Amino acid sequence: MIDAVLPTYNRAPLSFERGEGAWAIAADGTRYLDLGAGIAVNALGHANPELVAALTEQAGRIWHVSNLYQIPQQQRLAELLVDRTFADTVFVTNSGTEAAELAIKMVRKYWSEKGQPDRIEILTFEGAFHGRSTGAIAAAGSEKMTKGYGPLMPGFRTLPWGDLEALEAAISDQTAAVMMEPVQGEGGIRPMADADLRKVRALCDKVGALLVLDEVQCGMGRTGRLFAHEWAGVTPDIMMVAKGIGGGFPLGAVLATAEVASGMGVGSHGSTYGGNPLACAVGTRVMEIVADEAFLAEVNRKGALFRQKLEGLVAAHPEVFEGVRGIGLMLGLRCKVAPTELVSAAYDEHLLTVPAADNVVRLLPPLNISDEEIGDAVARLDRAAAALES
Ligand SMILES: *Cc1c(COP(=O)(O)O)cnc(C)c1O
């Protein structure tokens, strides 16, 4: 007998009735310190009063308006994003996957409009995750996501992660784009070095290929800059955003330069729900809070504090941990045990973490986690590691 819910997830036997900041609270009142944040989604914690106010104020006015009409909330969100980034224009989506789909369409449309409709190859990297649509799984290319779903959409070639020599050999004046995460999330919190990201940009420029950055997980302040690519001082041509931008409400976006978006005229793309007033009211509030330099400085300070404590944790448990990686509050513990074992042991300590590939457990707390909560989290991880050792 199949479950009423299609069983595509291996779910932990936990459910939560409420949330407060960095805490998820079960029906019996048990409080779990939430370092998963819905996988980097609850950027400002659970039940953030400012976001609740933004949502409920909008909910009392109007929920849904078709994109056949002006949507001031969407306009405002788009303008905030344009003001703070490389982008000239924004399409608002409901998810990261939809953002990936549009990014791919935009690349193809661009070259088609340029009179090079055969220029479709998008170079990607192993370990990538861009979503679960047929296009996005073709882009990521991993067997785990593509098995049984063939034939895959053509036009993607996957290179070893961070292998710039392979990129240099593969890229040509027939390459449509390079598509990548500045910090791989699902792939195991793997940042690309700033110098390497600059080199990717330079290789794209050399042949005229577009650079598409997927900042669905690493963007929106997660690394201590509004967007992770800012660390390297380069800009993409197209960027996908989602997860943190909605603070927990489904929301995503594709940002692009005017040049690259020039082919996307009336009728070239659309969405029923994308850019609805509820999502955009919340997204606007998230942007106003997270894009503030003082807020981002705090993310950096807390990220450094957390990292320092995690280095101590790793040193104290050399049989469990191999090292810490990541930037800002996008951190990963590389494990010597199976990541799921650590995640389970952490459940016993009422701590939520998320496994990733490459033997990593992700720590993605809300960006406004307190110093005390960071200390508390490390204490819980310490107990979880001790339990695994015994
Ligand atoms: C989560 C994620 C996606 C997909 O986003 P959804 O909102 O789940 O569709 C795409 N890219 C990256 C880097 C992600 O982390």
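Residues count from 1 along each chain as its sequence is written. The model is predicted: local features need pLDDT of at least 70, side-chain atom pairs count only at pLDDT 80 or more, and totals for chains, interfaces and linings use all residues.

**Stop 1: the annotated positions**

Now pick Gln-217. It sits in the loop between strand E10 (210–214) and strand E11 (238–241). Helices (H or I, at least four residues) and strands (E, at least two) are DSSP runs, numbered from the N terminus. Gln-217 counts as buried, because 29 C-beta neighbours lie inside 10 Å. The cut-offs: buried means 20 or more other C-beta atoms within 10 Å of the residue's own, exposed means 12 or fewer, and partly exposed is in between, with C-beta atoms placed from the backbone.

Show the contacts of Gln-217. Leaving out residues up to four places away in sequence, Gln-217 touches Ala-40, Glu-181, Gly-185, Arg-222 and Lys-243. Contact means C-beta atoms, placed from the backbone, within 7 Å.

Go on to Thr-272, in the loop between strand E12 (252–256) and H9. Thr-272 has 10 other C-beta atoms within 10 Å, so this residue is exposed.

**Stop 2: backbone exceptions**

Most residues other than glycine have a negative phi, and most peptide bonds are trans.

- Lys-243, a contact of Gln-217, lies in the loop between E11 and E12. Its phi is positive, about 35 degrees, although Lys-243 is not a glycine. Lys-243 is buried, because 28 C-beta neighbours lie inside 10 Å.
- His-350 is in the loop between helix H11 (339–348) and strand E15 (351–352). This non-glycine residue has a positive phi near 60 degrees. His-350 has 16 C-beta neighbours inside 10 Å, so it counts as partly exposed.
- Pro-151 is in the loop between helix H6 (143–146) and strand E6 (156–159). The peptide bond from Gly-150 to Pro-151 is cis, with omega near -5 degrees.

**Stop 3: a helix pair**

Select residues 49–59 (helix H2) and 277–290 (helix H9). They pack at an angle of about 150 degrees, with axes 9 Å apart. H2 is therefore roughly antiparallel to H9. Axes are lines fitted to C-alpha atoms, for helices over the stretch in contact, and angles run from 0 to 180 degrees between N-to-C directions. Under 35 degrees is roughly parallel, over 145 roughly antiparallel, 65 to 115 roughly perpendicular, and the rest oblique.

Show the side chains. H2 contributes Glu-50, Leu-51, Ala-54, Leu-55, Gln-58 and Ala-59; H9 contributes Pro-277, Leu-278, Ala-281, Val-282, Arg-285, Val-286 and Ile-289. Ten of these contact residues are nonpolar, one is polar and two are charged. Here Ala, Val, Leu, Ile, Met, Phe, Trp, Tyr, Cys and Pro are nonpolar, Asp, Glu, Lys and Arg charged, and the others, Gly among them, polar.

**Stop 4: Gly-303**

Finish in helix H10 (residues 293–316), where Gly-303 lies. Gly-303 is buried, because 22 other C-beta atoms lie within 10 Å. Beyond residues up to four places away in sequence, Gly-303 touches Gly-224, Ile-327, Gly-328 and Leu-329.

Technical notes: Two residues are in contact if their C-beta atoms, placed from the backbone, lie within 7 Å.
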